[in-house]
Amino acid sequence: MVVMPVGVEEADLEALSAFSTRPAKRLDGLKFREFFLWLSASMSRVSASASTTEQVRLPPTDSWDSI
């Protein structure tokens, strides 16, 4: 299982990061469509992977996260 915390607006990213080994990301505005497109592409890469132990390179999150 992979947990990737995503916060919106004024969410406490530090608190959300406590739920994962990955740092929380902030959704840029209301870019839910971009986030779910990214999530779909990410899961496609994971399911196409031949290995269950090798890390899969996920697409960049710059289409939906704020810097």
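# Buried side of helix α2

F35, W38 and S42 are the buried residues of helix α2. Buried means under 20% relative accessible area, exposed means over 50%, and partly exposed lies in between (1.4 Å probe, protein chains only). The buried residues of α2 pack against β1, where contact means heavy atoms within 4.5 Å. The face of α2 turned away from the buried side carries the exposed residues R33, S47 and A48.

At 1.5 Å a residue, its 17 residues should span 24 Å, and the end C-alpha atoms are 24 Å apart, which agrees. The expected span of a helix is 1.5 Å times one less than its number of residues.

# The model and its overall layout

This is a predicted model, in which local features need pLDDT of at least 70 and side-chain atom pairs count only at pLDDT 80 or more, while totals for chains, interfaces and linings use all residues. Residues are numbered from 1 along each chain as its sequence is written, and side-chain values use heavy atoms, with hydrogens and water left out.

The protein has two helices and two strands, arranged along the sequence in the pattern β-α-β-α. Helices (H or I, at least four residues) and strands (E, at least two) are DSSP runs, numbered from the N terminus. Taken along the principal axes, the C-alpha atoms fill a box of roughly 40 × 25 × 15 Å. Of the 67 residues in the protein, 18% are buried. Among contacts between residues at least 6 apart in sequence, 33% join residues at least 24 apart.

# Aromatic rings

A pair of aromatic rings is described by the distance of the centres and the angle of the planes. Rings of Phe, Tyr and Trp (its six-membered ring) pair if their centres lie within 6.5 Å; planes under 30 degrees apart count as stacked, over 60 as edge-to-face and the rest as tilted. The structure holds four aromatic pairs. One of them joins F35 and F36: the ring centres are 5.1 Å apart and the planes are at 70°, so this pair is edge-to-face. F35 and W38 form a stacked pair, with 6.1 Å from centre to centre and 25° between the planes.

F35 and W38 are three residues apart in helix α2 and therefore separated by about one helical turn. F35 is buried, with a relative accessible area of 13%, and W38 is buried at 7% relative accessibility. F36 counts as partly exposed at 48%. Ring pairs link F35, F36, W38 and W64 into a cluster.

# Salt bridges

Side chains of opposite charge can pair when their charged atoms come close. A salt bridge is a side-chain nitrogen of Lys or Arg within 4 Å of a carboxyl oxygen of Asp or Glu. A search of the whole structure finds two salt bridges.

One is between D65 and K25, with the closest N and O atoms 3.4 Å apart. D65 lies in the segment after α2 and K25 in strand β2 (residues 25-26), so the pair ties together parts that are 40 residues apart in sequence. D65 is buried at 13% relative accessibility, while K25 is partly exposed at 28%. Not counting residues up to four places away in sequence, D65 touches K25, R26 and D28. D28 in turn forms a salt bridge with K31, the closest N and O atoms being 3.3 Å apart. Here D28 is partly exposed, with a relative accessible area of 31%, and K31 is partly exposed at 29%.

Most residues other than glycine have a negative phi, and most peptide bonds are trans. E9 has a positive phi of about 45° although it is not a glycine. E9 is found in the loop between β1 (6-7) and α1 (13-17). Is E9 buried or exposed? At 60% relative accessibility, E9 counts as exposed.
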